Amino acid sequence: MHVYVVGKGAVGTYLGELLRGIGNDVTYAPRALEDIVPVDADLAVVAVKSYDTPGAIATLQRALRDPGATTILTAQNGIGNEEALAAAFGADNVVAAALTVPVEIDAAGKGVAAKGGGIAFAPVGTASPNNWLLAAFGATGLPTTAVRDYRSLKWSKLALNLVANATCAILDVLPERLVREDEVFALEIRAIREVRQTMKALGIAPIDLPRYPVRALLAVATMPTPMARAVLAGRIATARGEKPPSLLLDLRSAKHRTEVDVLNGAVARAARDAGIEAPVNTAIARILNDVTHMPQLWAKYRERPAALVSEIKAESGRAPSAANEIAAAADRRRA
């Protein structure tokens, strides 16, 4: 099997080298379009940040000699990547994936995985789950599973990605510190509740993912806040304590771009479209985008949880207009 990987970061190299290790030919896409050499690929893995999806589409359009003969697997976080790839290549050619293995880059620039987790697949079109993908990745030793509804897959992964992520980035703190801030962590629980409410409004059922009981997470969030905090805080501190979450890494890298629009921002937009409110996710997305594009504003929030709590509480009172503002701004950035 010939595998073409777009995205030579932690996830792309981890999956690419897993498949190479069982005898597959693996090619990594170059960064520059002019350096692309057309290939005949059985599988194309998209493992770039969500804001780079348009570039990945342009790469695949130039690289794949026969796109209709290539299965395109997206292992990205957030909402909207599958739809963009389906619009470019056809829904039946696209498979969604949720990787729950913690992966980091080693000194050699390769993705190295921690123990635990696995990968789940779901077709975006009407095709049945790709059994050959399960077999290919299963042969690497990575636990695999098939899911029928790709929206359930991606929204369930989003619920995990939201926890101790954007708020850590805004405050410039690690998860183990965040869970000790009562008022901020109460907002985290409200954000999870908004995800659950939005999924319900959209008719999307949550599912458990390898290693992570997502349905239990969403159920715990419905408990009274002190009880939910007691259950979740220790688990988050243990699982993520001293590891900087993805949005904080993006902010510290001074890229002036993060994936918040396809995470908290996606919840804000979907809630608005469903006729409900998601004021906490709306405010978090707006604040993080402001900090990302105007780094001087970061000083207002860094290690100042009271400032963040005050801002979100103030914005919650104007949730509908704020959600519309978030949606419009995100649409302009994707254009």
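Student: Is Tyr-212 buried, partly exposed or exposed?

Tutor: With a relative accessible area of 25%, Tyr-212 is partly exposed, because the buried class ends under 20% and the exposed class begins over 50%. Bear in mind that this is a predicted model. Tyr-212 sits in the loop between helix 8 (182-202) and helix 9 (214-221).

Student: Which residues does Tyr-212 touch, leaving aside its neighbours within four places in sequence?

Tutor: With those neighbours set aside, Tyr-212 is in contact with Thr-100 and Leu-160. Sequence separation and spatial separation should be read as two quantities. Tyr-212 and Gly-118 are 94 residues apart in sequence, yet their C-alpha atoms are 9.8 Å apart in space.

Student: How do I read a loop residue such as Asn-24, and is it buried or exposed?

Tutor: Start with the place, then the accessibility, then the contacts. Asn-24 lies in the loop between helix 1 (10-20) and strand 2 (25-28). Its relative accessible area is 12%, so Asn-24 counts as buried. A polar atom of the Asn-24 side chain lies 2.9 Å from the backbone oxygen of Leu-19. Beyond its neighbours within four places in sequence, Asn-24 is in contact with Met-1, Val-3 and Leu-19.

Student: How many residues of helix 1 are buried?

Tutor: Eight of its 11 residues are buried, so helix 1 is largely enclosed by the rest of the structure. Among the buried ones are Gly-12, Tyr-14, Leu-15 and Leu-19.

Student: Why do the buried residues of helix 3 line one face?

Tutor: An α-helix has 3.6 residues a turn, so residues three or four places apart point the same way. In helix 3 (residues 81-89), the buried residues are Asn-81, Glu-82, Leu-85, Ala-86 and Phe-89. Seen down the helix axis, they fall within an arc of 125 degrees, so they line one face of helix 3.

Student: What covers the buried residues of helix 3?

Tutor: The cover includes strand 3 (43-46), helix 2 (53-63), strand 4 (71-74), strand 5 and helix 5 (150-162). After helix 3 comes Gly-90, with a positive phi near 95 degrees.

Student: Which residues have a positive phi although they are not glycine?

Tutor: Two cases can be given. His-256 has a positive phi of about 60 degrees and is not a glycine. This histidine, His-256, lies in the loop between helix 11 (246-252) and helix 12 (264-273), and is partly exposed at 43% relative accessible area. Glu-303, also not a glycine, has a positive phi of about 55 degrees. Glu-303 is in the loop between helix 13 (279-293) and helix 14 (305-316).

Student: Now the strands. Which way do the side chains of strand 5 point, and are they buried or exposed?

Tutor: For a strand, check each side in turn. On one side of strand 5 are Val-94, Ala-96 and Ala-98, on the other Val-95, Ala-97 and Leu-99, and all are buried. Six of the six residues of strand 5 are therefore under the 20% cut-off.

Student: Which strands pair with strand 5, parallel or antiparallel?

Tutor: Strand 4 and strand 5 run parallel and are joined by three bridges, with Thr-74 partnered by Ala-96. Strand 5 (residues 94-99) and strand 8 run antiparallel, joined by five bridges. Here the partner of Ala-96 is Ala-122.

Student: Is strand 8 enclosed or open?

Tutor: Five of the five residues of strand 8 (residues 119-123) are buried, so the strand is largely enclosed by the rest of the structure. Ile-119, Phe-121 and Pro-123 point one way, and Ala-120 and Ala-122 the other. Strand 8 also pairs in the parallel sense with strand 9 (residues 144-146), over three bridges. In that pairing Ala-120 stands opposite Thr-145.

Student: Which residues have the most contacts inside the largest nonpolar core?

Tutor: In soluble globular proteins, nonpolar side chains tend to be buried together. Here the largest nonpolar core has 87 residues, and those with the most contacts inside it are Tyr-4, Leu-60, Leu-153, Trp-155 and Leu-158. Helix 8 supplies the largest share of this core, eight residues. Another core, of 25 residues, lies apart from it and includes Val-5, Ala-10, Leu-19 and Leu-142.

Terms used: Residues numbered from 1 in each chain as written. Predicted model: local features only at pLDDT ≥ 70, side-chain atom pairs only at ≥ 80, totals over all residues. Heavy atoms only, no water. Helix = DSSP H or I, 4+ residues; strand = E, 2+ residues; numbered from the N terminus. Buried < 20%, exposed > 50% of the residue type's maximum accessible area, 1.4 Å probe, protein only. Polar contact = N/O pair within 3.5 Å; in protein donor to acceptor, adjacent residues only side chain to side chain. Contact = heavy atoms within 4.5 Å. Pairing = 2+ DSSP bridges. Arc of directions from axis to C-beta. Core = buried A, V, L, I, M, F, W, Y, C linked by side-chain atoms within 4.5 Å.
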